[in-house]
Amino acid sequence: MAACISSSPSLVFFSSNFVRTHGEKPTSLSWSSSFPQLKLSVNLFPSPSTLTLNQGFIVQAAWTRRSRGELAKKPNRKSWKQKTDMYMRPFLLNVFFSKRFIHAKVMHRGTSKVISVATTNSKDLRNTLPSLTDVNACRVVGKLIAERSKEADVFAMSYEARKDERIEGRLGIVLDTIKESGIIFV
């Protein structure tokens with residue numbers, strides 16, 4: 001296999017067998033003598049047929065930029081609201097209901113730092129509450145989240161309902177308790 005390096009006035013062809021072994025020493029200090037097994041041929045005036053054969057080596061890096069039409073077709077492109085929403089509403093409430101417990105946490109969207117957490121699985125609530133999933137437990141979790149968020153200087157948060165999720169029942173009770181405790185929902 002031969003590689004081609006093109007310079008402006010001439011073409012230089014190298015063979016792929018140009019690696020020197022460790023025992024050999026160069027006979028002179030010129031560049032070409034440092035590769036004794038190199039078969040070097042210099043053609044000062046290349047013919048047009050050799051130029052057309054070697055055009056496959058040209059890399060067209062200038063055409064890597066996409067046009068605006070291609071960007072518009074891109075399905076993963078975020079809208080302005082999606083890009084700025086995490087800065088406009090930085091604190092997000094996440095409520096999870098399992099069969100045995102209720103978990104709630106407030107996170108900062110930009111840094112993914114957890115601001116406050118409340119769960120009925122904690123030691124103090126597990127032993128004091130008669131049921132860990134009923135309406136009373138929802139109120140206690142909402143009140144704890146509000147108190148701990150205020151301690152962390154968070155007075156406004158948002159809640160994004162998942163797809164096909166209604167804000168009613170136990171979730172509605174948690175959100176209403178947080179609102180009654182003085183937290184603003186944006």
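Helix α5 passes α6 in a right-handed crossing (the near helix is turned clockwise from the far one by less than a right angle; helices are DSSP runs of H or I with at least four residues, and strands are E runs of at least two, numbered from the N terminus). This is a predicted model, in which local features need pLDDT of at least 70 and side-chain atom pairs count only at pLDDT 80 or more, while totals for chains, interfaces and linings use all residues. Residues are numbered from 1 along each chain as its sequence is written, and side-chain values use heavy atoms, with hydrogens and water left out.

On the α5 side (residues 135-151), the residues that meet α6 are V135, C138, R139, G142, K143, I145 and A146. Their partners in α6 (residues 170-180) are R170, I173, V174, T177 and I178, where contact means heavy atoms within 4.5 Å.

I145 and I178 turn up again in the largest nonpolar core, where they are among the residues with the most contacts, along with L93, V95, V106, M157 and Y159. This core has 26 residues; a core is a set of buried Ala, Val, Leu, Ile, Met, Phe, Trp, Tyr and Cys residues joined through side-chain atoms within 4.5 Å, and buried means under 20% relative accessible area with a 1.4 Å probe, protein chains only. Helix α5 gives the most to this core, with six residues. Y159 touches L92, L93, V95, E165, I167, L171, L175 and F185, leaving aside residues up to four places away in sequence.

Overall, the protein comes to six helices and eight strands, and 25% of its 186 residues count as buried.

Technical notes:
Axes fitted to C-alpha atoms, helices over the stretch in contact; angles between N-to-C directions. Buried < 20%, exposed > 50% of the residue type's maximum accessible area, 1.4 Å probe, protein only.
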